[in-house]
Amino acid sequence: MMEEKMPRIERRLRLYELVCGYAITGFEVIEEVFPDSNKRMIQRDLKDLKDAGLVCVKYSRKGNGYIKEKEIPEFSRQAKPRRMAHLKRLNRLGRLMSELDNEDIPLWEKKDREEDGEIQEYLTAKDSYNQMFPGLSEQTRQRDFEVLRNIGYDVSYDHQDHYFRLDNFHLGWMEAPDVIDQDYLDGTWQARILCRSAAGVRGEAADG
């Protein structure tokens, strides 16, 4: 049975996470994560990440890989309607990967705190989403959270304990130095940021 291909939006979000976590992202590293990819496909994906206002990379011959620009690109508004809708969704999901917040705790713990006189409101992942993207439908939020789960981020509602669960998965960001010398290439650039709780660099929101 033929294995299903990864949906385009998920592939681009995983590529976004990949290039954020490496100072220099070599194509051989990308091939390990996306074995069915080719350079042309990756270049299209990287262009969409740029046009979505998330990240811009340039190819370094000396580094033999892609290096992130220090400045976050502006969201492109020169796309046809269908592609514009894709770019807005890509921007939204990319921002969720680094900005979505959650303070919610299980209902039993809330009740324990209330008995101790600690009464407060808790920001849920749903609240955070609605603050970031006001006016979007509940169905859109549910679909967005499903995509996040598909790429490995645990954001869901626990029906047993009645609370939103959200892993602390914020993107890391590793930059290459201004001067790439041989000592650097032989050493630390290959070390990836593994802690998703590191502060991520955030792109500007797209309207809508």
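Is Glu109 buried, exposed or partly exposed? In this predicted model, Glu109 has a relative accessibility of 23% and therefore counts as partly exposed.

Begin the tour by selecting Glu109 together with Arg113. Their side chains form a salt bridge, with an N to O distance of 3.2 Å. Both residues belong to helix α5 (residues 107-115), where a spacing of 4 residues places them about one helical turn apart. Arg113, at 25% relative accessibility, is likewise partly exposed.

Next, display the network of salt bridges with shared partners: Arg11, Arg12, Asp45, Lys47, Asp48, Asp51 and Arg83. Within this group, focus on Asp48 and Arg83, whose side chains are joined by a salt bridge of 2.6 Å, N to O. Asp48 is in helix α3 (residues 39-51) and Arg83 in helix α4 (residues 81-99), so this contact ties together parts 35 residues apart in sequence. The accessibility of each partner may then be inspected. Asp48 is buried, at 6% relative accessibility, whereas Arg83 is partly exposed, with a relative accessible area of 29%.

Now move to Asp178 and Lys70, which meet through their side chains in a salt bridge of 3.7 Å, N to O. Asp178 lies in the loop between β5 (163-166) and α8 (182-186), and Lys70 in the loop between β3 (65-68) and α4; the pair links distant parts of the chain, 108 residues apart. Asp178 is exposed, at 70% relative accessibility, while Lys70 is partly exposed, with a relative accessible area of 46%.

To conclude, select every salt bridge in the model: the count comes to 17.

Definitions and conventions: Residues numbered from 1 in each chain as written. Predicted model: local features only at pLDDT ≥ 70, side-chain atom pairs only at ≥ 80, totals over all residues. Heavy atoms only, no water. Salt bridge = Lys/Arg side-chain N within 4 Å of Asp/Glu carboxyl O. Helix = DSSP H or I, 4+ residues; strand = E, 2+ residues; numbered from the N terminus. Buried < 20%, exposed > 50% of the residue type's maximum accessible area, 1.4 Å probe, protein only.
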